[in-house]
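The following exercises are to be worked through with the structure in view. Each task is followed by a solution in steps.

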Amino acid sequence: GVIALTLPVTGTVQLEHGAETLKFSDLLRESLRYFWRILGAFFLVGLGILVVVMIFFGCMMLASVATMGIGMILVFPLYCILMILMLIVYAYAVQAQVSVVADNLGVFDALQRGWEVVKNNFWTIVLLCLIIYFGLWLLSMIVLVPFMIPMYWNMFDMMDSFYTMDTVESLQTEMYKKMGTWMLIYAPYYS
């Protein structure tokens, strides 16, 4: 994943420095120079995200238990805000990655430079993140929904045959087999 994220940045930097042609092998070799620094930046940002998310979901779980589930209704808006913040933090990690490649910085210097870029262009980055996120979501729905129709058609067909099967266990077994098959068929599309 780190190499896949680094290749376009490396190519862009090379084009900005006057390269007329790009070879994949050259881009890959150049990207490998930055691998550990970019991995370190993403690891530190990911570790921070993990800690915040674990604390948030722990508090969410406590609120749910204390209020017998009603607290989840109150926590849902905070969850939506958390998702937007996650997009911004991801943009921050990407800016740190670009700083590693474009400015040849170390991990901590790149994180600091990424923070400066996000801070100075905050609303632009928020708007771009939302447009890209919802655009990708819409595009994925347009592509995935037609592929999912046969899977759901099969499920409804099994539900219709519920009355003809002898036991609930046989229906569950049949459903698990068919759903597992469809999930394996569609697994490449989900990634």
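**Exercise 1: The largest pocket**

Task: Determine which helix gives the most to the lining of the largest pocket, and describe that lining.

Solution. Helix H6 gives the most to this lining, with eight residues. The model under study is a predicted one. The next step concerns the space itself: the largest pocket holds about 410 Å³. Its lining consists of 13 residues, and Tyr90, Ala91, Leu128, Cys129 and Ile132 are the closest to the centre. Two or more lining residues come from each of helix H4 (71-103) and helix H6 (122-160).

**Exercise 2: The protein chain**

Task: State how many helices and strands the protein chain has, and describe its surface and contacts.

Solution. Counting the elements gives seven helices and zero strands. Read from the N terminus, their order is α-α-α-α-α-α-α. Of the 191 residues in the chain, 27% are buried. The accessible surface is about 13400 Å², and carbon and sulfur atoms account for 74% of that surface. Among contacts with a separation of 6 or more, 62% join residues 24 or more positions apart.

**Exercise 3: Threonine 6**

Task: Locate threonine 6 and decide whether it is buried or exposed.

Solution. Threonine 6 lies in helix H1, which covers residues 2-16. Its relative accessibility is 1%, and buried means under 20%, so threonine 6 counts as buried. Beyond its neighbours within four places in sequence, threonine 6 contacts Ser31, Tyr34, Ile38, Gln97 and Val101.

Methods:
Residues numbered from 1 in each chain as written. Predicted model: local features only at pLDDT ≥ 70, side-chain atom pairs only at ≥ 80, totals over all residues. Heavy atoms only, no water. Helix = DSSP H or I, 4+ residues; strand = E, 2+ residues; numbered from the N terminus. Buried < 20%, exposed > 50% of the residue type's maximum accessible area, 1.4 Å probe, protein only. Contact = heavy atoms within 4.5 Å. Areas by Shrake-Rupley, 256 points an atom, 1.4 Å probe, with all protein chains shown as cover. 1 Å grid on protein atoms, 1.4 Å probe; cavity = no way out; pocket = protein on both sides within 12 Å on 5 of 7 lines; lining within 4 Å. Points joined across faces, edges and corners; volume = space filled by probe spheres on them.
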